Amino acid sequence: MPSPPRPLVHLAQGLLMGAADVVPGVSGGTVALVVGIYARLVSSIRAATSAPVALVRGGTRAARLRLADVDWGLVVPLAVGIATAIVIGSLVIPPLLEAYRAETSAVFFGLIVASLALPWGRIRRRTAGSYALAAAAAVLSFALVGLPELAAGDPSMLRVAASAAVAICAMILPGVSGAFLLAALGIYEATLTALRELDVVYIVTFAAGALLGLAAFAKLLETLLERRRDLTMAALTGLMLGALRALWPWLGEGRALEAPPATADALLVGALAVGAFLALRLLLHAGARRADAT
């Protein structure tokens, strides 16, 4: 059976990333890592965001050289998929989380647990430092996702731009949810409302802040992946592990973790988590076998 065209594959990957970015507790970067495009994506983001700086310093030729380094065959369909999923997700996912929070969280919880083996498996040589860094990143991520949400019904544009710059960095880090940070910074609901109502000023301000954040962060991340790949993958694994706190189906006041209730609903929630875990593991296993056969 022939494989689907590459642009369609990347479009589908973008849809998955965009849907993940809408959910507080799930990272689009995690999806990029799971589907095997993470390093290419980070490299392309670095090249694209460095083009304006190159234009100022070296003129149009330098900027064109930076843009030539962008993997446009990946970036364009991926961006279309992400944007489409974010717009649709802003209408669908929040009501789903509100009506079926435990069940939806359980599915994502199972998927993330099943994904942990991917970055950990990319570590070529595991050392005491790898384990220590993974543990530290897990503790940091666990603490971050436990932060209480702030309320900001009508945030200033300066706050929107600054929050976008922080959150966009999280969106490309596996395990750190940009949507969750937007909620913690108090502009999650305002951002979804702006998308639904097509508030151009808000959206442009958010996009400008996000671009500044990407420009500052992408080069550092690419350097870490190139020069300290094992330690970077260990840290990413820890971030994903700690972020599972946000997806625990039973959260109380102040995001306190609660034990599963002794009800039939709890059994259903547990079954959804296990089912999601097994489904993704089977999918990853089938993909690995197919890759070995080609």
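Modeller: One term before we start: helices here are DSSP runs of H or I with at least four residues, numbered from the N terminus. Also, this is a predicted model.
Colleague: Thanks! So where does Arg126 sit?
Modeller: Arg126 is in the loop between helix H7 (117–121) and helix H8 (128–144).
Colleague: And is Arg126 buried, exposed or partly exposed?
Modeller: Its relative accessibility is 39%, so Arg126 counts as partly exposed.
Colleague: What is Arg126 in contact with, leaving aside neighbours within four places in sequence?
Modeller: Trp120, Gly121 and Tyr131. With Trp120 there is some detail to look at: the Arg126 side chain reaches the backbone oxygen of that residue at 2.9 Å.
Colleague: How far is the C-alpha atom of Arg126 from that of Ala234?
Modeller: The two C-alpha atoms are separated by 8.7 Å, although the residues are 108 apart along the chain.
Colleague: Let's zoom out. How many helices and strands are there?
Modeller: The chain has 14 helices and 0 strands. Buried residues make up 45% of its 294 residues. Of the contacts with a separation of 6 or more, 77% are between residues 24 or more positions apart.
Colleague: Which residues touch the most other members in the largest nonpolar core?
Modeller: Met17, Tyr38 and Leu221, in a core of 54 residues. The largest share of this core comes from H12, with 8 residues.
Colleague: What does Met17 touch, not counting residues up to four places away?
Modeller: Met17 touches Gly28, Val31, Ala32, Ile37, Leu41, Leu78 and Ile82. Apart from that core lies another one of 6 residues, including Ala102, Trp250, Ala266 and Val269.
Colleague: Back to H12. How do the axes of H12 and H13 cross?
Modeller: H12 covers residues 200–227 and H13 residues 229–243; their axes come within 5 Å and cross at roughly 120°. The two helices are therefore oblique to each other.
Colleague: Which residues of H12 and H13 meet?
Modeller: From H12, Leu224, Leu225 and Arg227; from H13, Arg229, Thr232 and Met233. By class, that contact has 3 nonpolar, 1 polar and 2 charged residues.
Colleague: Last one: which residues of H11 are buried?
Modeller: In H11 (residues 188–197), the buried ones are Tyr188, Ala190, Thr191, Leu192 and Ala194. Have a look just after H11 too, where Leu198 takes a positive phi of about 50°.
Colleague: Great, thanks!

Notes
Residues are numbered from 1 along each chain as its sequence is written. This is a predicted model: local features need pLDDT of at least 70, side-chain atom pairs count only at pLDDT 80 or more; totals for chains, interfaces and linings use all residues. Side-chain values use heavy atoms; hydrogens and water are left out. Axes are lines fitted to C-alpha atoms, for helices over the stretch in contact, and angles run from 0 to 180 degrees between N-to-C directions. Angles under 35 degrees count as roughly parallel, over 145 as roughly antiparallel, 65 to 115 as roughly perpendicular and the rest as oblique. Contact means heavy atoms within 4.5 Å. Ala, Val, Leu, Ile, Met, Phe, Trp, Tyr, Cys and Pro count as nonpolar, Asp, Glu, Lys and Arg as charged, and the others, Gly among them, as polar. Buried means under 20% relative accessible area, exposed over 50%, partly exposed in between (1.4 Å probe, protein chains only). A polar contact is a pair of N or O atoms within 3.5 Å; within protein, one must be able to donate a hydrogen and the other to accept it, and residues adjacent in sequence count only if both atoms are side-chain atoms. A nonpolar core is a set of buried Ala, Val, Leu, Ile, Met, Phe, Trp, Tyr and Cys residues joined through side-chain atoms within 4.5 Å.
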